[in-house]
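Visitor: I would like a close look at one part of this model, a pair of packed helices. Please take me through that part step by step, and then say where it sits in the whole.

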Amino acid sequence: MILRRLEVRNFRKLIEPVRVDDLGDGLTIIAGDNEDGKSTLLQALRSLLFDRHRLSGRALEAMLPYNRPVAPELVLAFDHDGRRYELKKVFGRGASAVLSADGVAWRGLEAEERLQGMLGFEPPGSGAAAADRHHGVWGLLWVEQGSAFRNLAVSDGNQQVLRQTLEHEVDAVLAGDQGHALLEAVRGDYRRWFTETGRPKKILKTAAEAMAARAETVARMRTRLETYHERLDELDRLRARLAAMAAADTVPAARRIVADAEHDRVEANALAAAGQAANTALELKQSQARSVGSRWQQRQDAVRAWDEARRQCERVRARLAEQADALMSATERAETALANAEAAHVGLVRADAVSRLVHRREDRRRHEERRDDLEQRRRLAVVALDAAERARRRAAEQAMTTDRVAALRRLDQAARDSAVALEAAATRLTFAHDAGLPLRLDGKAVAPGTSVSVFDTASIDLGPYGSLTVLPGGGDLAERRAACATARQALVQALADAGVADPDAAQRRLDENRTWLRKADTEAEVAKAHAPAGLEALERDLLAVHDTLATLDSADAGFSDEEWDLQAEATTLSVEQAAAVRRGAEATVQRARRDLETAQTALRDLQAKRAHLQGQLAEADASEARLADRLAADRAELDDQSLQQAVMVANIDLQEARASVSAARAAVNARPLDAAEARLTQARANLLALEAEAAEATRRLESIRIELRVLGEEGLAEALADAEADWERARMQAERLERDGRAVRLLYETLEAAQQAAKQHYLEPIRQRTRRYLDRLLPDSDMLFDRKTLAISHLRRDGIDEPFDHLSIGTREQIAVITRLAFADLLTANGRPAAVILDDALVYADSGRFRAMKRVLQEAAQRFQVIVLTCREGDYRDLDAPIRRVTA
Amino acid sequence: MTLTLIHTADWQIGKRFGAFDEDVAALLRQQRLATVAQIGRVASQIRADAVLVAGDVFDSDALADETLRRTVRAMDVFNGPWLLLPGNHDPHRPEGVWDRVRRLGAPDNVVPLTEARPWLSPDRRFAVLPAPLFRHVSADDPTRCLDGLATPDGVIRIGLAHGALANRLPGSDQTRTAIAEDRAQRAGLAYLALGDWHGMVNIAPRTWYSGTPEPDRFRHDAPGRVLAVRFADSGSDPAVEPITVGRFLWLDWSDVTVRRAADVDALAARLTALPTPHEDLVLRLAVIGTVDLTARHQLDRLLADWQARLRAIQVDLSGLLAEATDDDLDQIDARGFVAAAIRVLRCRRDDPNDAERGTADDALQWLYARHHRLGRR
């Protein structure tokens, strides 16, 4: 809709006809002073288009001029879809509505419904239409005075209009209704498998559990069927086994084998007893032969031992004789070594004594040096202490303190101040008379050019001219005079007490006093440097050194002759030389001691060996005698020849017994008892096993028969086939569900992701259009919109998102206007030409922003109609836009 | 006087048909018993001297008592001898299925031949020489014993065995029981009645497989029959007549190739030409090929339609690769983010390194199906 002409009469304050015509496609300025009725004009336009002509009650009264019984008459000419329409409405008495175009006219309700269809708005059921609900998109684009800074309240209806327009522009991105329906359908599918958070629902688990349960049933049934077949097989085997046992006569045969084995065992037992008897006889013969043989062996051993004892005695005697010479020479070597060691010891004692004397000499020298040093320091310390004492005395003579000097200076200053004050109050007389005139002041002659201050009544003798009495006029002159005298008196008294002429003299005395004290301190420091612990301590140290030296002297006086000899030697040696001499003597002693020890050890070894040999000889002699006695006694009992004969007889008996045992053993080996017993045990075990097997097979056969009858009744094969079919169905169901679930998840997630990406572009058309204007106003900034309400949410500047409500009122006003322009732009571009009307909408803009906004309006008006209602006509003159004036 | 025998085999009573829906499976199971009764009726009609069942009367040797009882009851309609041979599915074992049949009180005319011993007819005109099986699996020729089975002179010797005839049956498992192909001649048999092969076939001189009387699988030609074997006298060859007793026709279409919509139309035409009544048809349909989603969609609708008409269709589409083509996806009125999502999914489907490429294809198919469902709404 593009507005072309508006006529208003009898509408609120606009009683006289007002006509605004020749409204162009672009920008038009409608100017008027305050109270001229610009805003009323906009209200009239809204009423004309959106209020029903049969409006009554308060809504009608609101249109009427105050206290005038007239009917508001409104006319609008506008273009829509390429046609020129004229709408005329009369409200109240004689209400009517006429819409006409191209010679066709619609009246009353028809006219209003047609208008409604053309402009896309929903009138209220009754009462006046509200701009935000019933004016369609025009309510959004036409801004009332003083409301431009508010955010856009986009009604549901307007949202729909804008969304349709937006979606028309971004339809390719959003996929239209079809796309939404598909996504919704797939979302529904997805919810079958997965929760909101994407976790699998029970559907898959249930299917898997169903499959597992059926698999378990199949396994159980298979096991039972296998058991059934195994039992059939086992039954076959048992029957075959029992039949084979019966056919082979197995058990009786086993019984016969047991009887044979028992007979064998009896015979083997008898042979074993005979063998045992032969063994016993053999053991007896062996014992006898061993006894005789042992005695003969002992006899021979005794003869050999006696011979050996005799030889041992001879060997020990020979070794004693050899050892006597070696012992003698070892004794001589030990004595020589002992003499050497003693001589070395004497040498060491002497070296020790010389070393001590050398050290004593060195000690005395050190004490003497210390004594000299201490005496020197005592002298210097005494001198310094005396000087310090003298300096202190001088300082005491010049007694003066800082406080006293300061007090004198204060008194001096007070005296000066009181004199100045007196001088200030005095009368100043300056004499400039001829030198020839003999003037006298208080009797004293006064020379010309003299200046005198007069503190009290003074008389000037003017000579021939009589006299002049001066009475100084200051009221407190007498007080000042007294004060001056008092201050002066106090100063004089203080100087007299201090014994100085003036404060500077006192300061000089204080400086001298400090100089003497510093000198005293310096001297005391010198004394402390010489005697750090004090003079008394120094003197104590000196006395101690003297005592030590006296002790050394008295020790020297007690020297023996031998020591005096050594003293002569010590005098020639230094401490180091004496130590070297002593180390040499000590080494000699060590060597001599080692030699002595070696010789004594060798001697002790030889002595020990000799004692040992002597012991051996005694023992060998005793042993020889004992063996000789024992052999003689044994031979007396049985001589050697008889004994040899007895041995021979015993050996023959033994051979015979052994032959008997061999014969018996051969007989036992031929029929061993353990083998016979093992055979019997085996045969009995075989018999028992066969009998048990037959009994067990028979019992088992019966048990299996019963079990098979029970299993057979169950129809295991049919049940298994049914279970397998169930399982197969469950398996396929689970696989299909899982596969479908994967597909649905992937499909849903892909669609969702694609839609999310697409939504990023949803508001792009509005953003592009706002950017176009925003660049004029706030370069490099961007506006963000609430996707749901389409209201402005933020302004993005320098990467920071500022909420709309936090912006200044001026900025809010400007970006709200820009947004309306962007919406109008969008609508126009989509074939719905829109007009933007702004009623004093830029009142908060500073001059720079205002200029920018005017350029924005000018640019916007290139594409759609923009009407500005303003009371500041001059502000818009430079826009080269037509200006219409409204006058009430 | 003519000797007339009914030769049948492979009843497979107790088979569960687990690959079918439970109601279909139950019907197929019931029909096998109904067909046994039909055999009895045929035997009565042609005044048969005996019904010879050449093994696999039961599908398993572990069936429920109820199943065994129903089978015996189904034989009530013919009071002549029913001579039943244990086969590899129902071998004779002590306390096994045949002992149970006896114990459950089978009538005297129902005779399990559980021993390799001639059964002589009461009128001594013919003797049945059975070769029962005692194991599920055995490589021995069970008919070897027939050579040595003596019968009175002048008696017609009829062999009854179960297993594969050596060197004769195409595609049969030769590692299993292999019957000598000249057994009828060696054992002096007038006729060797065989079971195990479920199709009817004259496999060697005087040697026949009757096939199963009620089809139970898609393989084998000419099932659903019994053989009426007639002997004019003891020296002549028998006259063998197939008689149809089965109800269901099992059709195996494992060769259907679908590559485009026209192939779906051809399949529709082939289905339309199926014999009636349709509820007696069991069809296995294995479709191979690569199709677009449009053709796949058409195929699904066609199969759903025929599922409702036939007794059962076992459909195997594992060899059919359905791919979402550009044309398919263009049918989705895809703009904006839907088109973007399709592009993403197609990229992933076409990326050989993408572990989820199969899932991406499924997702595209799901989207296509969703789109069609929305379209129908």
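Guide: In this predicted model, helix 10 of chain A, residues 402-425, packs against helix 11 of chain A, residues 477-498, at an angle of about 155°, and their axes are 8 Å apart. Angles over 145 degrees count as roughly antiparallel, and therefore helix 10 of chain A and helix 11 of chain A are roughly antiparallel to each other. The crossing of helix 10 of chain A with helix 11 of chain A is left-handed.

Now the residues that meet. Helix 10 of chain A contributes, among others, Arg404(A), Leu408(A), Leu411(A), Asp412(A), Ser418(A) and Leu422(A). On the side of helix 11 of chain A, the partners include Leu477(A), Arg480(A), Arg481(A), Cys484(A), Arg488(A) and Leu491(A). Counted by type, the contact between helix 10 of chain A and helix 11 of chain A has 18 nonpolar, 1 polar and 5 charged residues.

Next, the chain around this pair. Chain A holds 21 helices and 20 strands. It has 888 residues, of which 24% count as buried. Among contacts in chain A between residues at least 6 apart in sequence, 75% join residues at least 24 apart.

Chain A also touches chain B, with 45 residues from chain A and 35 residues from chain B in the contact. Helix 18 of chain A gives the largest share of chain A's side, 20 residues. That side divides into 25 nonpolar, 7 polar and 13 charged residues. For the complex, the predictor gives an ipTM of 0.84 and a pTM of 0.50.

Methods:
Residues are numbered from 1 along each chain as its sequence is written. Chains are lettered from A and ligands numbered from 1 in the order in which they are written. This is a predicted model: local features need pLDDT of at least 70, side-chain atom pairs count only at pLDDT 80 or more; totals for chains, interfaces and linings use all residues. Two residues are in contact if their C-beta atoms, placed from the backbone, lie within 7 Å. Helices (H or I, at least four residues) and strands (E, at least two) are DSSP runs, numbered from the N terminus. Ala, Val, Leu, Ile, Met, Phe, Trp, Tyr, Cys and Pro count as nonpolar, Asp, Glu, Lys and Arg as charged, and the others, Gly among them, as polar. A residue is buried if 20 or more other C-beta atoms lie within 10 Å of its own, exposed if 12 or fewer, and partly exposed in between; C-beta atoms are placed from the backbone. Axes are lines fitted to C-alpha atoms, for helices over the stretch in contact, and angles run from 0 to 180 degrees between N-to-C directions. Angles under 35 degrees count as roughly parallel, over 145 as roughly antiparallel, 65 to 115 as roughly perpendicular and the rest as oblique. A crossing is left-handed if the near helix is turned anticlockwise from the far one by less than a right angle, and right-handed if clockwise.
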